[in-house]
Amino acid sequence: MDIIQGHALTLITFLPLIGAGVILLLPGKKEELIKYTAAFFSALSLLIGIYIYWKFDRNTPNIQFVEHYPWIRYFNIYYYMGIDGISAPMVVLTSLLSFLSVVASWGIDRGVKGYFSLFLILETGMLGVFCALDFFLFYVFWEVVLFPMYFLIGIWGGPKREYAAIKFFLYTLFGSVLMLLAMLALYYWSEPHTFDLLKLTKMRFTRTFQIIIFLALFIGFAIKVPIVPFHTWLPDAHVEAPTAISVILAGILLKMGTYGLYRISYPILPEATVWFSYPLAILGAINIIWGALCAMAQQDMKKLVAYSSISHMGVVLLGMASLTPAGMNGGLFQMFNHGTVTAMLFLLTGVIYDRAHHRDIDRFGGLAVQMPIYAGITSLAFFAGLGLPGLNSFISEALCFLGAFNVYRWTTAIATSGIVFTAGYFLWTYQRMFLGPLNTKYSDLPEINGRELFTLIPLGAIVVFLGIYPSPVLNMMTITMYNLIVMVKP
Amino acid sequence: MVGLAHFLILSAILFCLGLFGVLTRRNAVAFLMGIELMLNSAGINFIAFSRFCSHDIHGHVFAAFIIVLAAAEAAIALAIILAIYHNLRTIEVDKIDVLKG
Amino acid sequence: MVNLTIPILILPLLAFTIQIFFGKRIPRQGDWISNSAIFMSLFLSIYIFYGMWSKHDPLYKESIVFDWIVMGGFRIRPGIILDNLTAVMLIVVCVVSSLVHLYSIGYMHGDKRYSRFFAFLSLFSFSMLGLVLSDNLFCLYIFWELVGLSSYLLIGFWFERPAAADACKKAFITTRIGDIGMFMGIMLIFSKTGLLRYEEVFEAVKSGELSGFYLTLAGVLLFMGAVGKSAQMPLHVWLPDAMEGPTPVSALIHAATMVAAGVYMVGRLYPLFTPHSLITIAYIGGITAFVAATIGIVQNDIKRVLAYSTISQLGYMMLALGVGGWLAGLFHLTTHAFFKALLFLGSGSVIHAVHTNDIQEMGGLRKKMPVTFYTFLAGTMAISGVPFFSGYYSKDAIIASVITFVQENPSHLPLAILGVGAAGITAFYMFRLVYVTFTGEPRNHERYHHAHESPSVMTVPLVLLAILSVISGWGGWFESFMGSPEGVHHVSSHNNHESAHNLAVILSVTISAIGIVLSTLTYRTRHIKAEDMAERFHSLYRLLYNKYYFDEIYYALIIKPVLWITRLLRSIDLVIIDGIVDGSARLTVIVSRIERWIDDNIVDGAVNATADSIINMGRVPNRMQTGILQNYLLAAFAGVLIILLWRII
């Protein structure tokens, strides 16, 4: 138990990597064995995630589960892992979604060995991003996420996969380069030179310097979120990526952008944050409305969900920009909730794609007769997506709007209109796919199966439970967030 | 009285005949025979100088060496010619230009 | 006593949970679960009502508060409020809901999603009860949306029909437009005061912390929610379409309870509304009452006529609240719930018998379905304001408030005209409905032949509701029970009220009588030919028949532009943004091609040229190597000769 206590973050981060190594040693023909190995290692990670959730002390803003060892002494680079209220929910979410995605990947039939080993490397990268407290280490993990993703889209994707993969890769690499520059600037401007994110928060940089660094970091993060107009990689990547990868992409990778803002930009560059908060709110509002309207025009269900993600991430930005307790907590909570909801939406899209081999909304119709359970779960996910009270997204969105309205009246008022558009496209899609007379072409589609239910039910339960009782996740973050607000706005 | 000059003239005639054969004959065997003539003319020179000038046995030794060497050389050269014939179906020297740059 | 409200709230939720997961496996598909849950809630509500009645204290108030979301200084603490208004609403909701549950056992018999129907009914009951019991704006909004959800699910219950699928989406989205306003209103109040609980907000208003423009704005924004949910103009278009749902649903949700939530909300938050926002409410209510009534004259679908009458009556309630008739508006809400539920259930009984909604296909059904006829007639008399029926008292109170208001503010005379006019038209079209449906000769003999009275599980609720429709206005119980709670300052002074009351009695009775007589002349005795009138006022008839072209106008002015914008944005993404991205990628490729050309031709060229010249130089000696032995020997000989000659010379 001591080992777990002392090294929980190292274990949760690197167990998947060990899993990847084990899979590489297995013979490629034994596909079942490879799948079970991948599931085993990601399940181990999930167990540690649950353990972290359990042991996480909600009454302190301090860093917990700290591991601090020198790595490259000459440059003052440390292997520094630790979590606080901002990263803990993300770590839990990542380990959960990764495990479910492995289960959802059971249908992969070519290059099984490569797929699962890359997937586990990806999981290591993602968990590392959320655990790292040394900027250099953070950057390393950030890039580790990039390359498995490129191959997972580029090899196991749809017909235009190379285009999508390269677009994804270049967009994010462009952002990474700016981030690298910002990181080095912070390193050389700090005295003594350090990459330690906590020590950097204590440095007092000049305002101009802060603004320049903020901008450089912001573009890097904005591409990940993605903020309009840096968003067009997302729909393409989603459409081409296999189901489980879409889940990871929308559920975790997008959050890395806003997480970066919370973790790096806000505490280290407080003056620039205040200076930027209003533009950030406007960008959030644009994201909400742009994403919702674009979603309405889509035929492909995956593109629709992708644009809905853009819209929902706009809510996060709006909440963050408010710099109020309600907005900041709401933003982080929205990140968590959107992770669950969008994962459900992509898994559901995968279910229908596996059966009908297309995702064209207009070509379905009346599926609620043929697949009642599937229709029921989809309606749950859709209603969560459109922010129905009683489901988790509502609480986070309401908190974001409440927080933001205090500060930016008009921007928030305009952004609220996105709520109608969101209801519009979800319900319209639901009508076109599930209601009306059954399209006889699909009168023999099989109902959702046990494995798919296994991936959806935990998420559905979280969606409902947190909608009724949000405290278990909210209380992880409140104190840290309070601390952060004080740091930004003393 | 036969003197040194006669021997040298004979050897020069022999050498020129050999050289002429070497330069003009196309047949590789005849070419080889020209070389033999030139070697033997050199041998005559050694004997003659040994007899008329140094009065010792060195020239004889050299002549004996040349005879042995010529025999060995003829054997190897004929073997080469046979090998060339085997491969190129000809022993005419001007046709054999595989070493042309 | 307030603790008893918790089981009232939880029981239907429990029933919903059981039904949605296990409904199909339970005997009788679990209809008894939903029914017993709502009836238990009903008995508890009656018990609470009785308790409140015996206290007879207009200001009595109890509440419970829970911790829900606590984040440092920011906290949302939902709670339950129990006062007289809540008690009345509990009774209204539970009575109508339980009778509709009972009725549905007969009406939905044999439907393939029978269990799910009851699950949704339970969900609705839970949400509606929650809405009534909430003590803060945040929870009000939550339940507000949840009743919208159950409405969506129930309108689209027969989703195989494209019309139902359209209608449920339309209902949800249209009401959501109003909900945004409401949400902004809540945010405005919260951002100004940091408070969400009714009482605390009222305190803030009282102390002047929240006042002036922002208070008016907040009031109007909150009212937007009511405009959507209570189908006021201009967001009324969803309610007639919502009639695609099963009839019990129309009775419960789209007549008695959910659509009245807007009225309840305005009544509940009455202290928040400034005179300016109240006058807005009054005008919107008045116009809605009148316009919807005129549309009701010419519709032929029995449920749509009732839907327009519902819109009209809701407008009436809003009008009452707007002019300061707090009691009158809520009183009408109560009586209307009973008689409108009755009318809808009656129409359901008719539809159940003849399998059509078109009243032109009916006629003469009185003999076949006596119970339905007489109860329906009772409902009609109530809604038309025939003396001694409940509607008479409540409508009378409304007209009295309007007249009082107009007496004090003569410039607002149109309100009185709209109100009184709507009352007359209501009487006219409701009697038209009765005459065309139940009297005269059957116009479709085949349907008439198959018609039959409904089973008792359906007629018993009708009879009970008919009794309530008659007696629920008697004795001024409402006024004495409710009093005028603290914070309701806008009710007009009493002196004026007396004289206005007398005038109102005369006016309303007269106007109703005119309406009924005209209707009788037209549709019963046929002294006036309806067809001739339609012919003479052709353009007006077309206008009314097409409901003032609201749907068409919205389609042209809102839906089409929005869809156009969505396509525009999509093209911006695909053409401009992706164009820039792809373009920069292409530019990079072009640049790299140029670089390759330079490499190939200039850099490599130089290197190759050097190499080539060296090779060319090598070609000259290369010729000397002929490969012919004799040439070499000749050269060697020549060399020796040259050396010799050089030595000699």
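Helices (H or I, at least four residues) and strands (E, at least two) are DSSP runs, numbered from the N terminus. This is a predicted model: local features need pLDDT of at least 70, side-chain atom pairs count only at pLDDT 80 or more, and totals for chains, interfaces and linings use all residues. Residues are numbered from 1 along each chain as its sequence is written, while chains are lettered from A and ligands numbered from 1 in the order in which they are written.

**Backbone exceptions**

Most residues other than glycine have a negative phi, and most peptide bonds are trans.

| Site | Feature | Value |
|---|---|---|
| N76(A) | positive phi | about 60 degrees |
| F388(C) | positive phi | about 75 degrees |
| E191(A) to P192(A) | cis peptide bond | omega near 0 degrees |
| V228(A) to P229(A) | cis peptide bond | omega about 5 degrees |

Where do these residues sit? N76(A) is in the loop between β1 (64–72) and β2 (77–83) of chain A. N76(A) has 18 other C-beta atoms within 10 Å, so it is partly exposed. The scale works on C-beta atoms placed from the backbone: a residue is buried if 20 or more others lie within 10 Å of its own, exposed if 12 or fewer, and partly exposed in between. F388(C) lies in the loop between α16 (370–384) and α17 (390–408) of chain C. F388(C) counts as exposed because it has 12 C-beta neighbours inside 10 Å.

The two prolines are also in loops of chain A. P192(A) falls between α6 (161–189) and α7 (197–202). P229(A) falls between α8 (207–224) and α9 (233–240).

**A helix pair in chain A**

Helix α2 (residues 31–55) packs on helix α3 (residues 87–104) in chain A. The angle is about 155 degrees, and the axes are 9 Å apart. Axes are lines fitted to C-alpha atoms, for helices over the stretch in contact, and angles run from 0 to 180 degrees between N-to-C directions. α2(A) is therefore roughly antiparallel to α3(A), a term for angles over 145 degrees. The crossing is left-handed, that is, the near helix is turned anticlockwise from the far one by less than a right angle.

Residues on α2(A) including A38(A), S42(A), L46(A) and Y53(A) meet residues on α3(A), among them V91(A), S95(A), F99(A) and V103(A). Contact requires C-beta atoms, placed from the backbone, to lie within 7 Å. This contact has 13 nonpolar, five polar and no charged residues. Ala, Val, Leu, Ile, Met, Phe, Trp, Tyr, Cys and Pro count as nonpolar, Asp, Glu, Lys and Arg as charged, and the others, Gly among them, as polar.

**Strands in chain C**

How many residues of strand β4 (residues 79–83) of chain C are buried? Four of its five are, so the strand is mostly covered. Five bridges join β4(C) to strand β1 (residues 61–65) of chain C, and the two run antiparallel. Strands pair if DSSP finds at least two bridges between them. V65(C) stands opposite G79(C) of β4(C).

**Between the chains**

Chain A gives 39 residues to its contact with chain C, and chain C gives 34. Several helices of chain A each supply at least two residues, including α11 (270–296), α13 (325–356) and α19 (471–488). The largest share, 10 residues, comes from α17(A). By class, this side of chain A holds 27 nonpolar, 11 polar and one charged residues.

Chain B also touches chain C: 10 residues of chain B are in contact with 10 residues of chain C. On the side of chain B, six are nonpolar, one is polar and three are charged.

Terms used:
Contact = placed C-beta atoms within 7 Å. Parallel < 35°, antiparallel > 145°, perpendicular 65-115°, else oblique.
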